Amino acid sequence: MIRRPPRSTLSSSSAASDVYKRQVIFVVDSNDVNRVELAKKELDRLLTDPMLSGATLLVLCNKQDLPNRLTPNQIVDAFGFRGSNAGAVSGRNWFLQGCCAHSGEGLFDGLDWLCKHLPNQ
C-alpha cells in the first residue's frame with residue numbers, strides 16, 4: 001500500500017510543513033513485483049509536485065527478509081533511477097535502503113542517511 005501525507009499537509013504554509021517539503025520517505029513492498037510499476041508511477045507523481053522540488057528522497061525497500069523480493073538494485077532499475085532517463089530523481093539526493101519493518105533491520109540506516117543529506121533550509 002502506498003501512503004502519502006494528505007494534500008492539506010503539503011499545501012500548508014506552517015513552518016512544520018517545511019520539513020515535509022525537504023524530505024520524502026517512500027516505502028516499497030519489495031515482495032509485490034506486480035505493483036512495482038504502480039509504485040513507480042505514484043512516486044513520479046509525488047516528486048513532480050512543485051512543493052517537493054529539491055526534496056531529498058529515501059526509498060525504503062521493505063520485506064527484504066522474504067525469498068522472492070526485489071533487491072534495492074532491482075528496484076533502482078525498475079524505477080529508472082539510473083542514466084539519462086532518471087526523470088524526477090535527477091538533480092536531487094536519493095537513496096534506496098533495503099529493510100525489514102518486522103525486525104527493524106535497515107530502518108535506522110536509511111534514516112541516518114536521510115538526516116545527513118537533508119537540503120539546506
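This is a predicted model: local features need pLDDT of at least 70, side-chain atom pairs count only at pLDDT 80 or more; totals for chains, interfaces and linings use all residues.
## Overall fold

The chain contains five helices and three strands. In sequence order these elements follow the pattern α-α-β-α-β-α-β-α. Of its 121 residues, 36% count as buried.

Contacts can also be sorted by separation along the chain. Among those between residues at least 6 apart in sequence, 74% join residues at least 24 apart.

Strand β2 spans residues 56–62 and is mostly covered, with seven of its seven residues buried. Thr56, Leu58, Leu60 and Asn62 point one way from β2, while Leu57, Val59 and Cys61 point the other way. Residues of both sets are buried. In a regular strand the side chains alternate between the two faces of the sheet.

β2 pairs with two strands. Strand β1 (residues 23–29) runs parallel to β2, and seven bridges connect them. Strand β3 (residues 94–98) also pairs with β2 in the parallel sense, over five bridges. Leu58 of β2 takes part in both pairings: Ile25 is bridged to Leu58, and in β3 the bridge partner of Leu58 is Phe95.

Helix α3 covers residues 36–47, and together with β1 and β2 makes a right-handed β-α-β unit. Glu42 is located in helix α3. Its relative accessibility is 18%, and the cut-off for buried is under 20%, so Glu42 counts as buried. The side chains of Glu42 and Arg45 are joined by a polar contact of 2.7 Å.

The buried residues of α4 are Ile75, Val76 and Phe79. Viewed down the axis of α4, these residues fall within an arc of 105°, so they line one face of the helix. An α-helix has 3.6 residues a turn, so residues three or four places apart point the same way. The buried residues of α4 pack against β1, α3, β2 and β3.

Just after α4, Gly80 has a positive phi of about 70°. Ser90 lies in the loop between α4 and β3. Ser90 is exposed, with a relative accessible area of 53%; the cut-off for exposed is over 50%. Between the C-alpha atoms of Ser90 and Gly54 the distance is 9.5 Å, and these two residues are 36 residues apart in sequence.

## Aromatic pairs

A pair of aromatic rings is described by the distance of the centres and the angle of the planes. A search of the whole structure gives three aromatic pairs.

Phe81 lies in the loop between α4 (72–79) and β3, whereas Trp94 belongs to strand β3, so the pair ties together parts that are 13 residues apart in sequence. The accessibility of the two partners is as follows. Phe81 has a relative accessible area of 4% and is buried. Trp94, with a relative accessible area of 28%, is partly exposed. Ring pairs link Phe79, Phe81 and Trp94 into a cluster. Phe79 is also among the buried residues of α4.

## Helix α5

Helix α5 covers residues 107–116, and Gly110, Trp113 and Leu114 are buried in this helix. These three residues cover an arc of only 100° around the axis, which puts them on the same side of α5. On the other side of α5, Phe108, Cys115 and Lys116 are exposed.

The buried residues of α5 pack against β1, β2 and β3. The buried residues of α4 have β1, β2 and β3 among their packing partners too, along with α3.

How values were computed. Residues are numbered from 1 along each chain as its sequence is written. Side-chain values use heavy atoms; hydrogens and water are left out. Buried means under 20% relative accessible area, exposed over 50%, partly exposed in between (1.4 Å probe, protein chains only). Helices (H or I, at least four residues) and strands (E, at least two) are DSSP runs, numbered from the N terminus. Two strands pair if DSSP finds at least two bridges between them. A crossover is right-handed if, with the strands pointing away from the viewer, the path from the first strand over the helix to the second runs clockwise. Rings of Phe, Tyr and Trp (its six-membered ring) pair if their centres lie within 6.5 Å; planes under 30 degrees apart count as stacked, over 60 as edge-to-face and the rest as tilted. The arc is that of the directions from the helix axis to the C-beta atoms. Contact means heavy atoms within 4.5 Å. A polar contact is a pair of N or O atoms within 3.5 Å; within protein, one must be able to donate a hydrogen and the other to accept it, and residues adjacent in sequence count only if both atoms are side-chain atoms.
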